[in-house]
Amino acid sequence: RDAYRFQGSLTAVAEAAQWVEGNFTDPSVLGNFLDNHDQPRFLFENNNVVMLRNNLATLYGWPGIPIVYYGTEALMATGGSDTLNRDPLWRHPLTPGNLTVFFAQLAGVRRTIPTTTPLNVIYADNCALAFARGDVLFVSFNAARYIGIEPSVAKKHPWTSRDQKIREVLTGLTGSVGEFEDRDLWTEDGEPQIWVLDGEDLLV
C-alpha cells in the first residue's frame, strides 16, 4: 500500500506479484488487505481518495482474496492509536463521494475472473502499473497526472483482435482494441482504469 499511499515505486508491486507466483503453490487462497485494525487507515496518513481507489483497484485485481476493513467504503481516516485504528463504524456515516458504488464496480469485475487466473504484468514503472487477469486489464497510478505508457506497450493487452469492443468499467468509456493500441495509456486525474470486453456481464 505504501507504493500508492506514499508514492513508492509501482515496479516493486509488480515484483511482488512475481515473488508470490514463485513462492506459493496456490496464490488464490491468500488474503490481501490494505487496512486492518492494527494500523492507521490509508486515509489517515494520506487523505487522497484517488490514490485509495487506485490501491483498491489493484487489490481487487490481485490473485487471492480481497479483504476490506469496515469503514473503507465510508472513507474512514482514523488512526494514530489502537483505539482510533478500531474506531466504530457508526461514528462515520456515509457522505457524498463515498465508495459504495466503486466497490460494487470492483466486485462486478472480480466475479468475472476465475480464481486461479494468473496475473500477467504488462508494464510497470515508478508511477504506473498495468496487469491483466485473463481478458481484464487493470491500470493504476500513484500520481495525479501521468503520461508515459507508449502505444507499443498498449499492444501487450490481453485481447485477440483489433476489432473487439472494450469498455472502461469505472467511466463507461468504450472503443475498439485497435483504438486502444494506438493511444498512450495516460491520466490527467490519477484515476485507475479497468478495461473489459464490452458486453461482459459484471453483475453490478
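This is a predicted model: local features need pLDDT of at least 70, side-chain atom pairs count only at pLDDT 80 or more; totals for chains, interfaces and linings use all residues.
## Loop residues with positive phi

Most residues other than glycine have a negative phi. Glutamine 7 has a phi near 55°, which is a positive value in a residue other than glycine, and this glutamine lies in the loop that runs between helix H1 (2-5) and helix H2 (10-23). With a relative accessible area of 52%, glutamine 7 counts as exposed, because the term applies to values over 50%.

Leucine 75 likewise has a positive phi, near 60°, and is a residue other than glycine; its place is in the loop between strand E2 (65-67) and helix H5 (82-85).

## The largest nonpolar core

The largest nonpolar core has 31 residues, and Leu56, Leu106 and Ile194 are those with the most contacts inside it. Helices and strands both supply this core: the elements that give two or more residues are H1, H2, helix H3 (42-45), helix H4 (49-61), helix H6 (100-110), strand E4 (128-133), strand E5 (136-141) and strand E10 (193-197). Of these, H4 gives the most, with seven residues.

When its neighbours within four places in sequence are left aside, isoleucine 194 is in contact with Ala57, Leu106, Val109, Val136, Leu137, Phe138, Arg167, Glu168, Val169 and Leu170. Among these partners, Leu106 is also one of the residues with the most contacts inside the largest core.

How values were computed
Residues are numbered from 1 along each chain as its sequence is written. Side-chain values use heavy atoms; hydrogens and water are left out. Helices (H or I, at least four residues) and strands (E, at least two) are DSSP runs, numbered from the N terminus. Buried means under 20% relative accessible area, exposed over 50%, partly exposed in between (1.4 Å probe, protein chains only). A nonpolar core is a set of buried Ala, Val, Leu, Ile, Met, Phe, Trp, Tyr and Cys residues joined through side-chain atoms within 4.5 Å. Contact means heavy atoms within 4.5 Å.
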